[in-house]
Amino acid sequence: MTNPIPDIADDRHFRPLDADGVREVVAWAAAESQPLEVIGSGSRRALGRPVQAAHVLDLAVLSGVEAYEPAELVITAKAATPIAEVEALLAAANQEFAFEPMDYGPLLGLEPGRGTLGGMLAMNLSGPKRLKHGATRDHVLGIHAVSGRGEVFKSGGTVVKNVTGYDLSRGLAGSWGTLAVTTSLSLKVLPAPETEATVLVEGLDDRRAVDALCVAMATPAEVASAAHLPAGLASRMAVEGLALDGPATLIRLEGFAPSVDYRFEQLAKVMAPLGPVTRIDAAHSRALWRGVRDVRPFCGDTVPVWRVSVAPSAGPEFVEILRERCPADAFYDWSGGLVWLSMPDGAPHDADVRAGVEAVGGGHAMLVRADAATRAHLAVFQPQASALAALSRRLKTQFDPVGILNPGRMVAGA
């Protein structure tokens, strides 16, 4: 097969010009049993296990917004369109991706803003507002894609209530490009909140902080985000004009200004018996939560980082159990249900992390940052129970029977 773009000399690197070109490359790869590493901008190649592929399917040309209807709250764009470009377009219309997709670039030592919409869907990205708005899968309306068989298919459309039968759009979220190659997608957008504020409660240890966050979530305050930064990590947030010197328990409120003011006062009364309460204004609040979203306390070095999801009330217990086995720095998002871990001694301590998850009743631990050799040797994602693993294999067989799409990305040899 000839390369779809003449000025790329390496015939192992395919960069198709359109969706039909993607189909052509995938169909050839399936017929010849030639594995493909699928990339958009390449910004997330250091996530997951190293792909075991001889060829690269580069979607970089498939970029650009195809349709945007602000009044309909829907945007359609090609898969390699940068998230930052789309967010800037939405901001100009006072709209946003309410699920607040994380930017992994700074954590991986890359410049920010390189992530693409296709990667966003493949990883099912979200941020601190997942508590209120869910993740990418909850906002994708439709996709056009190419299966590992080399067959073009589409799912959903460009309106909210359009799903009958299997919801393939959501099914591909979090599949890491191992089931199909998305060429374009339609996403729901929402009006951006008029303002926001953060309730800061100071001086709480991890357990008391997570208890406070859970109390806040149970109030009528309509909390958008809830996180806790222990002493030492809070000071690494580096928000200009805002100093967090000790433990910082953060609760974000958003909406119309009078509503935010009222809810802040009510929530401050609830939090006052726990510790000193102050208000962080809108500008500093936005900057602070971007830092939480992008794991700013752990950016700037190269030691292993884990992303661990457990029951919110189990977050501090998990960290305590882990610290009995190995050194670890940790902070909490999603009201304690998402624990970000940094291993300061440079070892991944995978057995200790997974034992800790099991000890608190289960969850999901992903090794986010490590060198390629470590990621090739360890189980990067949480090992699946046998029944779920069997279901995953059947799904893979249906979409990609030859196993050509991002082989090894999630599981060795698959």
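Ser 63 touches Lys 78, Ala 80, Thr 81 and Pro 82, leaving aside residues up to four places away in sequence; a contact here means heavy atoms within 4.5 Å. This is a predicted model, where local features need pLDDT of at least 70 and side-chain atom pairs count only at pLDDT 80 or more, while totals for chains, interfaces and linings use all residues. Residues are numbered from 1 along each chain as its sequence is written, and side-chain values use heavy atoms, with hydrogens and water left out.

**Around Ser 63**
- You'll find Ser 63 in the loop between β3 (55–58) and β4 (65–69); helices (H or I, at least four residues) and strands (E, at least two) are DSSP runs numbered from the N terminus.
- At 31% relative accessibility, Ser 63 counts as partly exposed, since buried means under 20% relative accessible area, exposed over 50% and partly exposed in between (1.4 Å probe, protein chains only).
- Ser 63 and Ala 84 are 21 residues apart along the chain, and 12 Å separates their C-alpha atoms.

**Helix α7**
- Helix α7 (residues 257–271) has 15 residues and reaches 21 Å from its first C-alpha to its last, close to the 21 Å expected at 1.5 Å a residue (the expected span is 1.5 Å times one less than the number of residues).
- Val 260, Arg 263, Phe 264, Leu 267, Ala 268 and Met 271 are the buried ones in α7.
- Looking down the axis of α7, those buried residues fall within an arc of 140°, so they line one face of the helix; the arc is that of the directions from the helix axis to the C-beta atoms.
- Pro 258, Tyr 262 and Lys 269 are exposed, on the face of α7 turned away from its buried side.
- What do the buried residues of α7 pack against? Their partners are β11 (195–202), α6 (206–217), β13 (248–255) and β14 (277–280).

**Helix α9**
- Buried residues in α9 (residues 315–323) include Phe 318, Val 319, Ile 321 and Leu 322.
- The buried residues of α9 pack against α6, β15 (305–309), β16 (329–333), β17 (338–342) and α10 (350–359).

**Cysteines**
- A search of the whole structure turns up 0 disulfides (a disulfide is a pair of cysteine sulfur atoms within 2.5 Å).
- Cys 214 is partly exposed, with a relative accessible area of 29%, whereas Cys 326 is buried at 4%.
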